[in-house]
Amino acid sequence: MAAMRRRFVFLSLTTMTLLLGVAHDARADGDPEGAKRHFEAGRKLRDDGDCAKAIPEFEKSLAADKSIGAYYNIGFCQEQLGLRQEAYEAYRLAKEAASAKKDERLKEISGALAALLETPNVRLVLPQPPPSGMQIYVDGALVPQALYQNETVVFTKAGGSHDVRVTAPGYDELQLKVETRELKGIDLKPAGSTKPATPEGPAATKWSLQHWGGVGAIGAGVVTAAIGGIILLAYKVTQDTNLRDHDAAEKKCNGGDAPSCDRARDIAIRYNTREDEMKDNIPLLVGLGVSTAVLVGGGVALFLLAKPVPVEDKTARRAPPKPTVALTPAVGPTFQGLSLAGTF
């Protein structure tokens, strides 16, 4: 009902010139009387709100005489019935006729057409001439070839983005997204001319400073662990040797060899001294162990959390121009000599 009120307000502003315009369009080679009779019948049905029955009368009037008013009234009634695609075609023909005749009603017809184009639609600019056998699908529905124009308008159920698919024998299939009321050109390519894009391999990267920092920390942890391991290994080897030598000397001492008794006593002193030294080194060993854990753990975390750095494509960089120098004779009214020119 809102659309009806809006349209009738429009009609009052144009003083009914379009809806009553059949007489103005009468042609000598047509049937003015028959056209007028059917036009008046259609107008009465339209005014009574029965656009469905009015359209056939306007079409009979149009068959008798191609009038601007008949085209417009057909478009008006079709729009009231929700037939936007059909209404657009009728309005377009009315506009073409008014433009050709330089009719004063062209402005009003253009306004009605613009108002209709504010509703959801897809606008496609087709190749000229269209390829033979070309088919257009909008949101999966085939667009009738009768609608194909240089600028083809296809009305849709809703706004937003629409799927458009275009096929033609000898051409690659074209698929694209078109927004509501967006003007989109259809550019078909001969079959086989569009090569599939070669997938690019992973981009070349290199370690970042964080990677190298992590590796350095792990290396430092390995060094501290090695120092601690060397200290413990040296202690164990020394003490095992002392124990072995002490047992041998002790055995000889028990057999009555007096020098072996002195030697066993000296080895025992060295063993105890080494044990005391090891006790003093315990804080150092603990520190080395903690340092090893912190350095290795931190280094691994740094390395794993680091992001690779893209490698610059040096082949893409232009080489700087090579310097060139040229010496040319220079002779003038007041001087003679050589001119030095070039790039440095």
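Cys77 is buried, at 0% relative accessible area. Here buried means under 20% relative accessible area, exposed over 50%, and partly exposed in between, with a 1.4 Å probe and protein chains only. The model is predicted: local features need pLDDT of at least 70, side-chain atom pairs count only at pLDDT 80 or more, and totals for chains, interfaces and linings use all residues. Residues are numbered from 1 along each chain as its sequence is written, and side-chain values use heavy atoms, with hydrogens and water left out.

What does Cys77 touch, leaving out residues up to four places away in sequence? The partners are Arg46, Cys51, Ala54, Ile55 and Phe58. Contact means heavy atoms within 4.5 Å. One of these partners is another cysteine, Cys51. Cys51 is also buried, at 7% relative accessibility. A disulfide is a pair of cysteine sulfur atoms within 2.5 Å.

The structure does hold one disulfide. Cys253 and Cys261 form it, with their sulfur atoms 1.6 Å apart. The link is right-handed, with 95 degrees about the S-S bond. Cys253 is buried at 19% relative accessible area, whereas Cys261 is partly exposed at 21%.

Now to the nonpolar cores. Such a core is a set of buried Ala, Val, Leu, Ile, Met, Phe, Trp, Tyr and Cys residues joined through side-chain atoms within 4.5 Å. The largest has 26 residues. Phe58, Tyr72, Cys77, Tyr88, Tyr91, Ile109 and Leu116 touch the most other members. Helices H3 (51-64), H4 (68-80), H5 (84-100) and H6 (106-116) each supply at least two residues of this core, and so does strand S4 (151-155). Helices (H or I, at least four residues) and strands (E, at least two) are DSSP runs, numbered from the N terminus. In soluble globular proteins, nonpolar side chains tend to be buried together.

Next, the strands. Thr167 is found in S5 (residues 161-167). Thr167 is buried, at 17% relative accessible area. Not counting residues up to four places away in sequence, Thr167 touches Gly133, Met134, Gln135, Tyr137 and Glu173. Ala141 lies in S3 (residues 141-142). Ala141 is partly exposed, at 43%.

Then comes a helix pair. H7 (residues 209-254) and H8 (residues 258-305) pack at about 165 degrees, with their axes 7 Å apart. Axes are lines fitted to C-alpha atoms, for helices over the stretch in contact, and angles run from 0 to 180 degrees between N-to-C directions. H7 and H8 are therefore roughly antiparallel, a label for angles over 145 degrees.

Last, the backbone. Most residues other than glycine have a negative phi, and most peptide bonds are trans. The peptide bond from Gln128 to Pro129 is cis, with omega near -5 degrees. Pro129 is in the loop between S1 (121-125) and S2 (135-138). Lys102 has a positive phi, near 55 degrees. Lys102 lies in the loop between H5 and H6 and is exposed, at 75% relative accessibility. Arg181 has a positive phi too, near 65 degrees. Arg181 sits in the loop between S6 (174-179) and S7 (183-185) and is partly exposed, at 39%.

How values were computed: Parallel < 35°, antiparallel > 145°, perpendicular 65-115°, else oblique.
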